[in-house]
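Biologist: Could you give me a close look at how the parts of this assembly are held against one another, beginning with the place where the chains meet? Please state the cut-offs as you go.

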2 protein chains.
Amino acid sequence: MHHDIDSLSALFSPRSIAIVGASATPSKIGGIPLDYLLRFGFQGPLYAVNPRGGLVQGLAAHASLDAIGAPVDLAIFAIPAALVPAALDDAIAAGVKSIVLFSSGFAEIGDQGAAEQARLAHKARAAGIRLIGPNCLGFMHLARNVYATFSPAPGVGRVQPGRIGLVSQSGAFGAYAYSMARERGIGLSLWATTGNEADVQVADCLAWLAQDPGTDVIMAYMEGCRDGPKLRAALALAQANHKPVVMVKVGTTALGAEAAASHTASLAGDDAVYDAIFRQYGVLRAHTLSEFFDLAASAAIAGTPRDRSIGLFTLSGGVGAMMADDASAAGLDVRPLSSEAQQTLRDWVPFAAPRNPVDITGQVTNDFTLMERSARVMLEDQNFASWMGFFAAAGASDKVWPVLHQLVTSLRAAYPDTVLAICTLLSPARRAEIEALGCLVFSDPSVGIRTIAALAGRGARPVSAPVRTLALPEPVRLPPGTLSEPMGLALLSGAGVPVVEHHLVQSADEAVLALTALGGEIALKIASADIPHKSDIGGVALGLRSAEQVQAAFARMQTSVRAAQPTARLDGVLAARMVRGGVECIAGVHRDPVFGPVLMFGLGGVHVEILRDVSLRALPVTRAEVQAMVLELKGLPLLQGARGRPAVDLESIADSLLALADFATAAGDTLQSAEINPLIARPAAEGGCVAVDALVIGHAAPAAASPVPPLSQPLQEAIA
Amino acid sequence: MHHDIDSLSALFSPRSIAIVGASATPSKIGGIPLDYLLRFGFQGPLYAVNPRGGLVQGLAAHASLDAIGAPVDLAIFAIPAALVPAALDDAIAAGVKSIVLFSSGFAEIGDQGAAEQARLAHKARAAGIRLIGPNCLGFMHLARNVYATFSPAPGVGRVQPGRIGLVSQSGAFGAYAYSMARERGIGLSLWATTGNEADVQVADCLAWLAQDPGTDVIMAYMEGCRDGPKLRAALALAQANHKPVVMVKVGTTALGAEAAASHTASLAGDDAVYDAIFRQYGVLRAHTLSEFFDLAASAAIAGTPRDRSIGLFTLSGGVGAMMADDASAAGLDVRPLSSEAQQTLRDWVPFAAPRNPVDITGQVTNDFTLMERSARVMLEDQNFASWMGFFAAAGASDKVWPVLHQLVTSLRAAYPDTVLAICTLLSPARRAEIEALGCLVFSDPSVGIRTIAALAGRGARPVSAPVRTLALPEPVRLPPGTLSEPMGLALLSGAGVPVVEHHLVQSADEAVLALTALGGEIALKIASADIPHKSDIGGVALGLRSAEQVQAAFARMQTSVRAAQPTARLDGVLAARMVRGGVECIAGVHRDPVFGPVLMFGLGGVHVEILRDVSLRALPVTRAEVQAMVLELKGLPLLQGARGRPAVDLESIADSLLALADFATAAGDTLQSAEINPLIARPAAEGGCVAVDALVIGHAAPAAASPVPPLSQPLQEAIA
């Protein structure tokens, strides 16, 4: 990681820059970056490389990089694809440390281009050169006036330097986001596009920004991830350094062909895995460009709230109701003031609504001090993590504006740990004044509520909880393909999953013995790795209580299974104690091609099959995360004892999920998927949860094809 | 209705105006409207009324309205509550046609104020005077320069006249919305606030705007509705006149106490009923202020799309993926181009993505004509109802802007029936130019997609389908309270609901006879209006096949029911044919205190109880609406035959829901609720759906308390 960071610093913070293919025309690809670097004042040696020689925008052109005869940290390649191999040799000879490769004509045009791209990447890596691109718009490091881009956007108008870093896989998206940042007055530290990602990926840029002292908040746009562990490491670093990451993720990753055979894998759609990863690392996922900027700008101005409590203040009951609707829909904690605090407010304004939202009414026009006094009563009483006030159009009134400014200044000083927001109409200058105080400004209260709710995180995720480490059993090596059910149950049981008591039997007499041993009531199930859907072919018999029933069922089963699948290899019959009652759940682990093992939990039957009510986490997981998986199900009331039924033992579910995760960890790369369906959840008094059926599949050799889909066509010459 | 419209025109379009309590100080409540009317140029006689006489802002003050001696269409009452009764007498004597009543101190302060308000309203009504307020900010009719408001907002800056009408129950919300309209450059026809609604309600204003030739689109903010039928009539008029209504509705209505006892009523939360009403009348419901304006302004500029098909065009694959994600999440029909059209695009740009979204890539910079050519290929090929193009930051480039302008002009002329939208960054002046052409402009493509999806409506609702009229049986008069189950089943059966075959029996012997008559397998259920939860006390026995089983079950039932509820009145025992298999559904009608009977349908068990997966419609309903109710359930796949089970007969469900609706219509005001739980849905071959259990409750005398909650405190003197 440290080597990576240092080598990226030569790329993003170069001391010297050469433009290969430098052009005298400032509107050409080879002219744009040179024009920007000269005009916007890059501090350091600048070299033009052009075999035709002469003067290029005032600089004497060198014949090659090697001919410069001085150290070059960054070479910008503004040349056609065909010229790149020779230029790379030149760069290696000259000891160049990093390269921006604008050129298109590589992986995006097909296999031949992809092979050429891989050759270049290999050669650069071997020479210790970092390379961003090809087929990208380059980057800008705004604080250092490094403009290694041919995007026309900075020419139309520059974004001011700031403390938000923005990285985009797509050049066109990046250019549009740059323009939007300019329109919204948002400052940036680094702006980078990664294009085909022959070497530097979005994840590398995230990691660099996570340690960059000039960056507080990171914005990222991603289409697909090439290296799951690298992305997770970068997100973990950002989280450790308390830098919020705001992410737009589009597109889908094709799941491996093998994975499609597993029920679990087909439920765990690719986007759901990304979502689980983002959730695990506290990433703020944005679904629109507006959200992308609202979240990032707000995090940069005010940080993130310490919990989900919020005090809402309004001068209008109607808007107060809207804010309350929004806040409760967003899962914020709109807890009421104490009765003492409510009485204080009511003493001041008898018709005030004093709970929360506090509606102090139009009375403020008779006494402006009511606004700050009420806010202080709220914050003293409840120490809210966030506080938002709706002040109607006060910000547009010259009479009320100074009162509002004073209120924000004074609350900011008195409650430094509270995220403050005001909703009103402000001119851009006044808005900037309030934001400079560290207070958020919204014209639409709903946007304010949603932004604060998103910044507060998606749940009570313990940021610093250590990943669970356990003395694991010896690593398990699974054979490829589907294991028999007794073997699957045995492996899971060995890892600590409670498994229904059972015996593998080979004859009707043995089955009767099993009934005696297990007592009461048993089920028989054909045991065969070749038969995934046993009940469809008469391979399951339930509720057998007598020796006669068991013998008859055994015989019937042999006949019907043999008839239906004469060539299936039979391991025998599983005789298991009947489990009555409880709530059917499903638990599983499947191997995601990008992120590795992903843990899944859901309610069984229609909940998982039709309503897709499942929760996911990439491994490793903490106990708290596993508990959160259970709690975030929509059907949770079914487990908590809806309609007078007893609540099931949620802790035993968490234990089983952790045991399943341990098993997956022990099996490592040899695991394709493991699924428990059903996992019957019962009250603690009835023994907690128990696995009744298990399907474990070993991983076949990985397919040759890359799991990452081709990237979209970037905008070759951005329009503006 | 016509009388209402005419009388409201005297209010909103007065030929002459008098201000009662007129003040010489333009910042006082009595001075503000006079100042506006003089300054902004109201065309018509203006009179100041003030018993102190003298000159008021240049007008000679009259001692009373009656002393004016000329017709007064509108009197603005800017006086304290205590002076209002005398002023009303004066207005009646003077023959004033309408009054705006700013004064607070009425229903919002308690019972005494409410009584005084009712007295005033009664007196005004008797004299044929329309009255808006009290406790409101008044109204403005912008095209006629009628400023009957004391809101300071127009003083800060005026909204331009336009073709959008805005009505708000809350003064503060209305004032803020006025200021937002000014900031966003949106023009208004009428702006009105209704406050306590002693006479004129939001619904009256909606109806007036629905027939106003100066209004194309209606924006409304509502906290609670006082008169459900009036609101429905107004929404129907707007729908008939093809005027989109954009609505923000906050707050909740307390359901009647009696209704709480019914399962159906507790599921049909108040907001869900409003939502159903809005859905039935094609109201565009907005949940944020941004949506409120996005929807209204877009409808005013471009109308509404004729269906949900959309063509998406982009220069960036990344943004194209975002648009496709958004469009499919919003339920738009992103259907692909024909293979011929795709080939045409690929002939022009080999690396284009030609399906839909069409990504023509950055190649456009080499040939700007590609943009319009591609758009025409898309529209010629698929005749999309909507078309949206992402043009990156082209709108900010002086070089590309003329191309973009030409493209919009030319597409607008060639495809007048398609809603057109472009996404790019535009200066306000350029934006106005494009909007003047009738094309939408968005900077955030996601906002564009969501707006178009909302404008396209919430489903295939047949606007002109006639309400179902059927030869109903004689009206049914239900007694108050819970009916016995046999009676409930009989009533529903009579209305056409298929009901399980059953007999009411009074002895074990009779029960055995019933077994013989019904054949096969029966269930016994205690019949008593006093026992709502029969199975909890041993009042249900299932799957009885023999005379012995029936006799034993009958005896057990008598014992356990008598033990549990010794005082319950027993009607006997219901012996019903067992219904096996099928999907448990729930159907019901309950009486909403504002909107009357509301029909409900959902899947049974956890779906209705925990997941709240139900759909609602206020009566009357069309067959198409009832079919839509079934189709909009999240659990619909369960009825359509998920997991290889046979699909149930959806038409028989629609028939039963219509029969239930007919029953509710026949019972009229005497019905509190009727619930079928379960309604077992089965395939047509098994007989379609059948009602197994019914709970019908007659309506008790309505409670004295009004079902409408107190309104929020409006902002007495709006801040700006």
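Modeller: The contact (heavy atoms within 4.5 Å) takes 71 residues from chain A and 70 residues from chain B. This is a predicted model, in which local features need pLDDT of at least 70 and side-chain atom pairs count only at pLDDT 80 or more, while totals for chains, interfaces and linings use all residues. Residues are numbered from 1 along each chain as its sequence is written, chains are lettered from A and ligands numbered from 1 in the order in which they are written, and side-chain values use heavy atoms, with hydrogens and water left out.

Between them, chain A and chain B bury about 5200 Å², 70% of it on carbon and sulfur atoms; buried area is the accessible area (1.4 Å probe) that two parts lose on being put together, summed over both. In one salt bridge, the side chains of Lys534(A) and Glu485(A) meet at 3.6 Å, N to O. Lys534(A) sits in the loop between β22 (522–527) and β23 (540–544) of chain A, and Glu485(A) in helix α18 (residues 485–495) of chain A, so this pair ties together parts 49 residues apart in sequence; helices (H or I, at least four residues) and strands (E, at least two) are DSSP runs, numbered from the N terminus.

Turning to helix packing within chain B, helix α22 (residues 623–631) and helix α24 (residues 650–667) pack at an angle of about 120°, their axes 9 Å apart, where axes are lines fitted to C-alpha atoms, for helices over the stretch in contact, and angles run from 0 to 180 degrees between N-to-C directions. That angle makes α22(B) oblique to α24(B), since angles under 35 degrees count as roughly parallel, over 145 as roughly antiparallel, 65 to 115 as roughly perpendicular and the rest as oblique. From α22(B) the contact draws on residues including Val626(B), Val630(B) and Leu631(B), and from α24(B) on residues including Ile653(B), Leu657(B) and Leu658(B). The residues of this contact of α22(B) with α24(B) divide into eight nonpolar, one polar and three charged, where Ala, Val, Leu, Ile, Met, Phe, Trp, Tyr, Cys and Pro count as nonpolar, Asp, Glu, Lys and Arg as charged, and the others, Gly among them, as polar.

Technical notes
A salt bridge is a side-chain nitrogen of Lys or Arg within 4 Å of a carboxyl oxygen of Asp or Glu.
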